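Have your viewer ready and follow along.

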Amino acid sequence: MRLKGIGVSPGVVAGRAVVLIQRAHVLRYQIAPHRVEQELRRLEDSRVRSREQLVDIRTRVAARPELALLFDAQLLMLDDPMLLPRAADIVRRQRVNAEWAVQQVFQEFSVVFDEVADPYLRERKGDVADLVGRLRMNLRQGVETPRDLLRDLEEASVLIADELTPSIAAQVDWTKVRGFATDAGSRTYHTAILARSLDVPAVVGLHHASRRVQAGQIVIIDGTANEVVLDPTPEELARAERCAEDRRPSAAGDAERRRPASTADGVHIRLDANIEFPDDLAAARYAGAEGIGLYRSEFLLTSGTDELPDEERQYETYRRLLEGMAPGPVTVRTFDVDEDQLASRLMRRPLAPVWEPYEDRGSHQGLRGLRLSLTRPELFKAQLRALLRAARHGELRIMFPFVSSVEQVRKARAMVADVAAELIARGEAVPRVPVGVMIEIPAAAYTADLLAREVDFFTIGTNDLIQYCLAIDRADARVSRLYEPLHPAVLRMIVMVRRAARRRRIPVSLCGEMASDPALLTLLVGLGLVEFSMTPGAIPVAKQVLADVREDELRALARRVLGLGTVDDIERELQTALGRLTLNKGVTP
Ligand code: PEP
Ligand code: MG
């Protein structure tokens with residue numbers, strides 16, 4: 001069977017499916033035969049612990065018979081042969097993890113309860129849910145993160161998930177997991193960006209894959225053909241294996257890879273890398289990036305460990321990045337999180353003043369990036385201090401995300417100045433650090449001339465700029481077809497920002513996903529951009545494509561494109577002009 005989705009990271013891989021159902025917080029995966037006994041023991045331990053807890057609660061509520069009865073019922077259920085013995089049977093027969101077996105039993109129970117006519121009995125479903133929740137909680141003992149859960153995978157796997165948040169993706173052992181597919185998501189969803197950085201094939205927007213794929217089933221993920229193949233034929237498997245072989249790094253010489261990019265008529269195009277983790281530095285260097293054009297520092301907040309990164313840990317990370325990339329510059333974007341992401345971190349380990357989530361809000365869109373940092377001066381200043389202290393170890397640039405006004409930039413710069421003054425007063429040397437902003441909200445694009453007076457550089461973030469310009473949620477698969485980088489409004493905004501930067505003589509680069517599509521990259525060069533930052537895996541291809549085109553011809557192409565009214569016409573014009581190029585050269589395996 002073939003499931004069609006959106007390929008967000010090219011390549012083909014095969015493996016046994018591990019299924020992650022995030023919404024129910026239950027991971028389903030196949031266990032090795034020798035792990036069955038261990039899994040049954042976990043189930044039994046969970047039963048014993050749950051019994052102890054229930055007996056304890058029962059004793060405490062003894063004076064209230066109506067409550068005590070509820071726990072008597074749960075204690076009886078705990079010994080029901082249809083519950084734990086049935087779950088054990090599922091573990092044995094299907095060789096799946098205990099959490100999943102318990103979840104399956106719960107589903108069986110739910111069906112029965114839903115069919116019962118008696119409303120009193122139907123409501124007992126809530127009690128089963130409560131008990132199952134307790135069993136699951138007790139199963140979690142000693143299991144910290146998905147990485148722990150995925151630790152004992154017996155062979156190469158592929159991950160099938162309803163959704164894969166960057167924080168979960170950051171915890172997966174990608175040496176074992178060869179690719180992933182998700183029900184949710186669209187092309188520029190962050191997880192897709194992550195897939196490209198990790199260089200694993202990925203297909204998103206599959207809707208029901210996580211329900212249709214069985215744990216342990218052999219699956220092919222074909223990010224190039226936008227599909228997931230279930231139970232492939234031996235021929236399809238052999239083809240997938242061959243493609244996986246071809247994915248091994250090419251033998252291009254070091255000197256060749258390090259050569260800066262330039263067009264056929266000799267215009268230097270600067271290619272930097274977007275990274276999420278310090279470990280990605282190696283990939284950036286290997287790909288021949290001149291610097292780091294975007295370090296998404298918020299990954300410090302969302303990756304694995306329980307601790308919020310304090311100033312010292314941040315300092316070490318920034319220093320490592322700067323030293324690792326020297327003499328190339330590193331642009332660190334200050335935290336770009338929204339309230340929810342920040343609150344979920346702070347609630348685990350509250351900072352003073354304790355974060356109080358605002359319950360009544362509808363959308364959480366607005367308070368994000370620099371806007372949120374300005375409401376959390378302690379957190380923001382700690383990050384700025386760590387950055388300014390690290391600055392003497394390399395070429396640092398500080399960049400603010402999600403900026404929509406001159407006021408915000410002034411406030412943020414004033415905080416940078418305050419922090420610098422404090423450090424100098426402490427006797428520390430603080431070099432001058434360029435401070436720039438991301439242009440990713442239409443308001444910023446329209447006031448680029450005003451913002452250009454306030455900052456040292458611009459970076460155009462087309463991932464967000466497109467979504468806010470076209471009113472398309474970039475993570476919503478249903479409207480992903482309307483998310484159109486070639487929309488005339490998007491192209492005009494880019495030109496507007498480029499002009500404002502040029503008038504003020506400040507550098508402007510573009511770091512959205514758009515840049516890693518070779519066809520769009522050439523058009524962007526035609527629009528006058530000469531600096532880009534992209535996922536490291538896209539850099540070698542970009543270099544090859546740029547070497548084949550002339551900048552003067554691209555300018556003429558861009559002039560024609562700017563006069564066209566529809567995306568179709570623009571695409572056609574691009575295709576014709578670049579016809580002699582194989583646009584996806586090197587991208588497809
Ligand atoms: C962007 O918006 O284009 C961008 C690069 O930032 P992010 O994708 O991290 O929002
Ligand atoms: Mg953005």
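Glu-440 and Asp-464 are both buried. Keep in mind that this is a predicted model. Glu-440 sits in the loop between strand 15 (435–439) and helix 20 (442–446), while Asp-464 belongs to helix 22 (residues 462–470), so the pair ties together parts that are 24 residues apart in sequence.

Now turn to the helices. Two packed helices are described by the angle between their axes and the distance between the axes. For helix 18 (residues 377–390) and helix 19 (residues 406–425), the axes come within 9 Å and cross at roughly 60°, which means that helix 18 is oblique to helix 19. The crossing of helix 18 past helix 19 is right-handed. Sorted by class, their contact has ten nonpolar, no polar and five charged residues. On the helix 18 side these include Phe-380, Leu-384 and Arg-385, and on the helix 19 side Met-415, Val-419 and Glu-422 are among them.

The second pair is helix 4 (residues 98–115) with helix 6 (residues 125–139), packed at an angle of about 180° with axes 10 Å apart. Helix 4 is therefore roughly antiparallel to helix 6. Which classes of residue make up this contact? The residues divide into nine nonpolar, two polar and four charged. Helix 4 brings residues including Phe-106, Phe-109, Gln-103 and Ser-110, and helix 6 meets them with residues including Val-128, Val-132 and Arg-136.

Definitions and conventions:
Residues are numbered from 1 along each chain as its sequence is written. Chains are lettered from A and ligands numbered from 1 in the order in which they are written. This is a predicted model: local features need pLDDT of at least 70, side-chain atom pairs count only at pLDDT 80 or more; totals for chains, interfaces and linings use all residues. Side-chain values use heavy atoms; hydrogens and water are left out. Helices (H or I, at least four residues) and strands (E, at least two) are DSSP runs, numbered from the N terminus. Buried means under 20% relative accessible area, exposed over 50%, partly exposed in between (1.4 Å probe, protein chains only). Axes are lines fitted to C-alpha atoms, for helices over the stretch in contact, and angles run from 0 to 180 degrees between N-to-C directions. Angles under 35 degrees count as roughly parallel, over 145 as roughly antiparallel, 65 to 115 as roughly perpendicular and the rest as oblique. A crossing is left-handed if the near helix is turned anticlockwise from the far one by less than a right angle, and right-handed if clockwise. Contact means heavy atoms within 4.5 Å. Ala, Val, Leu, Ile, Met, Phe, Trp, Tyr, Cys and Pro count as nonpolar, Asp, Glu, Lys and Arg as charged, and the others, Gly among them, as polar.
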